[in-house]
Amino acid sequence: MAVDLLLGLQWGDEGKGKIVDVLTNNYNIIARFQGGPNAGHTLVFNGRKHVLHTIPSGIFHDDAVNLVGNGVVIDPVIFKRELDKLEEQDVDYRKSLIISRKAHIILPTHRLLDAASEAAKGKAKIGSTLKGIGPTYMDKTGRNGIRVGDLELADWKERYQSLADKHESMIDYYDASIEYDLKELETEFFEAIEVLKSLTFIDSEEYVYQAQKSEKSILAEGAQGSLLDIDFGTYPFVTSSNTTAAGACTGLGVAPNQIGEVFGIFKAYTTRVGSGPFPTELFDEDGATMAKVGHEFGATTGRPRRCGWLDLVALKYACQVNGVTQLNMMKGDVLSGFKTLKVCTAYNYKGEEIKHLPYNIEPENVTPVYTEFKGWSEDLTTMTEASQFPKELNKYIDFLEKELEIPITIVSVGPDRKQTIFRD
């Protein structure tokens, strides 16, 4: 059976966690395939908000297996905190949570390296979440990393010490002073390691292969967004992994010809956290309203998100590189009350109008070209079916479908899992 994918199509924070939670009833296995605790997947149900960072978003469903794949990097300390919160809610995660032996581990010194590197960059900083993600992936590609499977080896602590010593010598080279107490960080780290070791480790590519042979349905859950992809994002203001569909193949060991549906998640407008170009960013009252109504603060860092109109040029690009087959539009309810809506349908790039994403979208090169739409005033959050949508919203959706040539099958009208409308 083919593996379906669910991916963010913008700069992250699109609402992937909610849709995975909604779709989990259709799947036997939910699998994270890249990223780490820099992700923040927010789920709302039964009047409570739940934020997951590394654990797949199907964890609240009793019948779903939740797999942390080989492409993920795991911070045992943050992972333990997530598990503690699940225990508080009586979630029996031990029966449903499994971890790939090939997933890499974030050490305390990875986080210190991240902080030292970012501080040394000054104004040129990239907006790292300072979770140690980048340094961990650097050790992975540099063939120095420690993997989950290493925890089963007799000499894993010696491996840890060797790498930690190397990191400390590297921290000294940065032209930035950071204060830290490694012994204190290590105490918390090794306690969390023992919790991690109590979970089930698997050879994940074999597990996924056998699950497919057994006709188990699998949904691969992406983290961050396509425009943060290390290869295809707005480099260097990107994350350290492949957030696009190709990342699911390498992050789970799934053959390309085994990919089925590709669900692409996007907001009805655009947001971005941290540094980097953002052609449709707003600095006026409209942008402030989006941020306030949409509660636009990072689920992981708490940083305010930059807000702007929907960028159709960038969205088309993301659909193209991912092979999206279905679109899910999030936060349409946030746009209620705007008299006029805008959608960027082209760029003025160095004096020429283009409709593709160029190599460089810095503001000195790109000016957005907008198409305007009449807004709607109706409160969408109480609506339960598409037939209740105002005509202006339907025109907005119809325009996006025509331009993107992909059906919008889900429209989210609020944060709760019940505020999800399926379209024919």
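Biologist: How many salt bridges does the structure hold?
Modeller: This is a predicted model, and the structure holds 19 salt bridges, a salt bridge being counted when a side-chain nitrogen of Lys or Arg comes within 4 Å of a carboxyl oxygen of Asp or Glu. One of them joins Asp21 to Arg417, with the closest N and O atoms 2.8 Å apart. Because Asp21 lies in helix H1 and Arg417 in the loop between strand E19 (408–412) and strand E20 (420–422), this pair ties together parts that are 396 residues apart in sequence.

Biologist: Which domains does the assignment give for the protein chain?
Modeller: The assignment gives domain 1 as 3–101 + 201–262, domain 2 as 104–196 and domain 3 as 266–422. The centres of domain 1 and domain 3, taken over C-alpha atoms, are separated by 24 Å.

Biologist: How should I read the contact between domain 1 and domain 3, and what area is buried there?
Modeller: One can begin with the residues that touch and then turn to the area. In this model, 35 residues of domain 1 are in contact with 41 residues of domain 3, and about 3000 Å² is buried between the two domains, with carbon and sulfur atoms giving 59% of that area. Leu9, Trp11 and Lys18 supply 24% of the area that domain 1 buries against domain 3, which is more than any other three residues supply.

Biologist: How many polar links are there between domain 1 and domain 3, and which elements of domain 1 take part in the contact?
Modeller: Between domain 1 and domain 3 there are 19 residue pairs in polar contact, counting pairs in which both residues are at pLDDT 80 or more. On the domain 1 side, helix H1 (16–23), strand E3 (41–45) and strand E11 (259–267) each supply at least two of the residues that touch domain 3, and the largest share, five residues, comes from H1. By class, this side of domain 1 has 17 nonpolar, 13 polar and five charged residues. Salt bridges between domain 1 and domain 3 number two.

Biologist: What should I look for in the backbone angles?
Modeller: The general idea is that most residues other than glycine have a negative phi, and that most peptide bonds are trans. Here, the peptide bond from Tyr235 to Pro236 is cis, with omega near 10°, and Pro236 is found in the loop between strand E10 (218–221) and helix H8 (245–252). Asp90 has a positive phi, near 60°, and its place is in the loop between helix H2 (76–88) and strand E7 (97–100).

Biologist: And what caps the N-terminal end of helix H9, and what follows the helix?
Modeller: Asp284 caps the N-terminal end of helix H9 (residues 285–293), where a side-chain oxygen lies 3.1 Å from the backbone nitrogen of Asp286. H9 is followed by His295, whose phi is positive, near 50°.

Biologist: Finally, how do I read the overall shape?
Modeller: One compares the radius of gyration with the value for a compact globule, which for 424 residues would be near 22 Å; the protein chain has 21 Å, which agrees. Its C-alpha atoms fill a box of roughly 65 × 50 × 40 Å along the principal axes, and its secondary structure comes to 11 helices and 20 strands.

Technical notes:
Residues are numbered from 1 along each chain as its sequence is written. This is a predicted model: local features need pLDDT of at least 70, side-chain atom pairs count only at pLDDT 80 or more; totals for chains, interfaces and linings use all residues. Side-chain values use heavy atoms; hydrogens and water are left out. Domain bounds come from an automatic or database domain assignment. Contact means heavy atoms within 4.5 Å. Buried area is the accessible area (1.4 Å probe) that two parts lose on being put together, summed over both. A polar contact is a pair of N or O atoms within 3.5 Å; within protein, one must be able to donate a hydrogen and the other to accept it, and residues adjacent in sequence count only if both atoms are side-chain atoms. Helices (H or I, at least four residues) and strands (E, at least two) are DSSP runs, numbered from the N terminus. Ala, Val, Leu, Ile, Met, Phe, Trp, Tyr, Cys and Pro count as nonpolar, Asp, Glu, Lys and Arg as charged, and the others, Gly among them, as polar. The radius of gyration is taken over C-alpha atoms; the globule rule is 2.2 Å times the number of residues to the power 0.38.
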